[in-house]
Amino acid sequence: EQPIFSTRAHVFQIDPNTKKNWVPTSKHAVTVSYFYDSTRNVYRIISLDGSKAIINSTITPNMTFTKTSQKFGQWADSRANTVYGLGFSSEHHLSKFAEKFQEFKEAARIAKEKSHEKMELTSTPSQESAGGDIQSPLTPESINGTDDERAMPEVTQNSEPKAEPTQNALPFTHSSTISKHWEAELATLKGNNAKLTAALLESTANVKQWKQQLAAYQEEAERLHKRVTELECVSSQANAVHMHKTELNQTIQELESTLKKKEEEIEGLKQEIENARELQAQRDSLTQKLQEVEIRNKDLEGQLSDLEQRLEKSQNEQEAFRNNLKTLLEILDGKIFELTELRDNLAKLIECS
């Protein structure tokens, strides 16, 4: 691996216990670099604090780098089960890092598509259908925490300029990741289906044309045979007739050879049509899976909406409870003041008596 871009930033991670606070993993700004592994054709983000690796994140097409302030950005790594945050000394450094992230993410996507194409060319249809199952990634709560937990802590200032994390760590939803993947798969299948349909129509047209040519060749052969018979009967010039017959026989042999080649081409086209039908069946299967994922996505969105409503209700109840406590404290303060006055009056009466 070789570094292809480097910058300096303060490194943070989401607290693995609370899932709501940023925890600084470096005491000062450290070097953060993009690396390219040519053997595995992958891009990684690596940062070292001394001999300790505080960032080791492989860039995938599903990752998103989000600017949450002018000097702070973050991305989620489902493999490491964490969210990384970087605080830069200026907005320019943040923008440059984000541009490189998008560039290498696109390169990773292209490399992944090429790898899939190679696998599809070397694998059987049954293996291709078996490879369609995708494991569900981490839920948003396991990466960013719940809505309550996405509040960012204040970071103490060091001698070097450090960007403060904002209070809005963006959620990375499980359902949107699956939907994007299946939308990309469906778009690829639609393109392949259009190509196969065009090839199928062209093959069908060629088959019809070759059948017509075959019928014409057969008619021509019959006509030539009849012509030879007629020449043998009516012609007195045996030698000329024999030579003409020989030429006609050669022509017939050439026509039969051409006919045989056309029949072989027709068999090949039939095989291509069978392959196209199998690919159509695979497309239908993937379309059905996509519909199932969309239904599941809607269910998850409903659950998320219900959780948000419950959270809002809980917050309203807490606010009402605080208001009641304030009212009780005010009443209690008044009672204490009255008791104090009563004690002072009793003390005065005792002194007077």
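Reply: Start with the elements: helices (H or I, at least four residues) and strands (E, at least two) are DSSP runs, numbered from the N terminus. By that numbering, Asn81 sits in the loop between strand E7 (72-77) and strand E8 (82-87). This is a predicted model, where local features need pLDDT of at least 70, side-chain atom pairs count only at pLDDT 80 or more, and totals for chains, interfaces and linings use all residues. Residues are numbered from 1 along each chain as its sequence is written, and side-chain values use heavy atoms, with hydrogens and water left out.

Me: Why is Asn81 called partly exposed?

Reply: Buried means under 20% relative accessible area, exposed over 50%, and partly exposed in between (1.4 Å probe, protein chains only). Asn81 has 36% relative accessibility, so it counts as partly exposed.

Me: Where does Asn41 lie, and what is its phi?

Reply: Asn41 lies in the loop between strand E3 (30-37) and strand E4 (42-49). Its phi is positive, about 60°, although Asn41 is not a glycine. Relative accessibility is 33%, so Asn41 is partly exposed.

Me: How do you know that Arg40 and Asp37 form a salt bridge?

Reply: A salt bridge is a side-chain nitrogen of Lys or Arg within 4 Å of a carboxyl oxygen of Asp or Glu. The closest N and O atoms of Arg40 and Asp37 are 3.0 Å apart, and the pair qualifies.

Me: What makes Arg277 and Glu274 a salt bridge, and where do they lie?

Reply: Their closest N and O atoms are 3.3 Å apart, which meets the rule. Both lie in helix H5 (residues 238-352), three residues apart, about one turn of the helix. Arg277 is exposed because its relative accessibility is 55%. Glu274, at 39%, is therefore partly exposed.

Me: Why does the pair Arg283 and Asp284 count?

Reply: The N to O distance is 3.5 Å, and the side chains meet in a salt bridge. Asp284 has a relative accessible area of 40%, so the label is partly exposed.

Me: How many salt bridges does the rule give, and which residues are linked in a network?

Reply: The count comes to nine. Glu106, Arg109 and Glu113 are linked in a network of salt bridges.
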